[in-house]
Amino acid sequence: GGQGDTTWAERQVMSGRLVCDTYLTCREHLREKNYSLKQLAHSQLQVQRMQEPGGPSGVARCFGAVDNLIYLVRYSQQSASLQMRLTFKLLFLPLTRELATLV
């Protein structure tokens, strides 16, 4: 899935869970020129994001050496951490929960 469409499997996995889409929420509440995680981390958290491994082919290459695989894991951890930090800093999770309970 992505950008407004979800697959059956994605709906099954997320059933009953509160989901906060940081990308869409940032677009609704912030005025930025670019809503990439790299830009939002820099402008909102003053954090420099790690260099991306290079798309799908770069990710596949990360499995060729232990050091590259460790980098991929750290990159993924940082991405998740930055998304959570944005969510907490901008109070999106309480807002999302409150809106979900109104429905």
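**Briefing on a predicted helical model**

At 1% relative accessibility, Leu86 counts as buried, where buried means under 20% relative accessible area, exposed over 50%, and partly exposed in between (1.4 Å probe, protein chains only). This is a predicted model, in which local features need pLDDT of at least 70 and side-chain atom pairs count only at pLDDT 80 or more, while totals for chains, interfaces and linings use all residues. Residues are numbered from 1 along each chain as its sequence is written, and side-chain values use heavy atoms, with hydrogens and water left out.

**Overall composition**

- The protein chain has six helices and zero strands; helices (H or I, at least four residues) and strands (E, at least two) are DSSP runs, numbered from the N terminus.
- Read from the N terminus, the order of elements is α-α-α-α-α-α.
- Of the 103 residues in the protein chain, 25% are buried.
- The chain exposes about 7,700 Å², and carbon and sulfur atoms supply 56% of this area; accessible areas come from the Shrake-Rupley method with a 1.4 Å probe, and for residues only the protein chains shown count as cover.
- Among contacts with a separation of 6 or more, 55% join residues 24 or more positions apart; contact means heavy atoms within 4.5 Å.

**Leu86 and its surroundings**

- Leu86 belongs to helix α5.
- Apart from neighbours within four places in sequence, Leu86 is in contact with Leu37, Leu40, Gln44, Leu45 and Phe92.
- Leu86 and Leu40 are separated by 46 residues in sequence, yet their C-alpha atoms are 8.0 Å apart in space.
- Leu40 in turn touches Cys26, Leu30, Glu32, Tyr35, Leu45 and Leu86, not counting residues up to four places away in sequence.

**The buried side of helix α3**

- Helix α3 (residues 37-45) has the buried residues Leu37, Leu40, Ala41, Gln44 and Leu45.
- Because these residues cover an arc of only 100 degrees around the axis, they lie on the same side of α3; the arc is that of the directions from the helix axis to the C-beta atoms.
- An α-helix has 3.6 residues a turn, so residues three or four places apart point the same way.
- The buried residues of α3 pack against α2 (22-29) and α5.
- Just after α3, Gln46 adopts a positive phi of about 55 degrees.

**The largest nonpolar core**

- The largest nonpolar core contains twelve residues: Cys26, Leu30, Tyr35, Leu37, Leu40, Ala41, Leu45, Val47, Leu82, Leu86, Leu90 and Phe92. Such a core is a set of buried Ala, Val, Leu, Ile, Met, Phe, Trp, Tyr and Cys residues joined through side-chain atoms within 4.5 Å.
- Helices α3 and α5 each supply at least two residues of this core, and the largest share, four residues, comes from α3.

**Gln78, a buried residue of helix α5**

- Gln78 is found in helix α5 (residues 66-89) and is buried, with a relative accessible area of 15%.
- The side chain of Gln78 reaches the backbone nitrogen of Met50 at 2.8 Å.
- Beyond residues up to four places away in sequence, Gln78 touches Val47, Gln48, Arg49 and Met50.

**Cysteines**

- Cys26 is buried at 0% relative accessibility, and Cys62 is buried at 6%.
- The structure holds zero disulfides, a disulfide being a pair of cysteine sulfur atoms within 2.5 Å.

How values were computed:
Polar contact = N/O pair within 3.5 Å; in protein donor to acceptor, adjacent residues only side chain to side chain.
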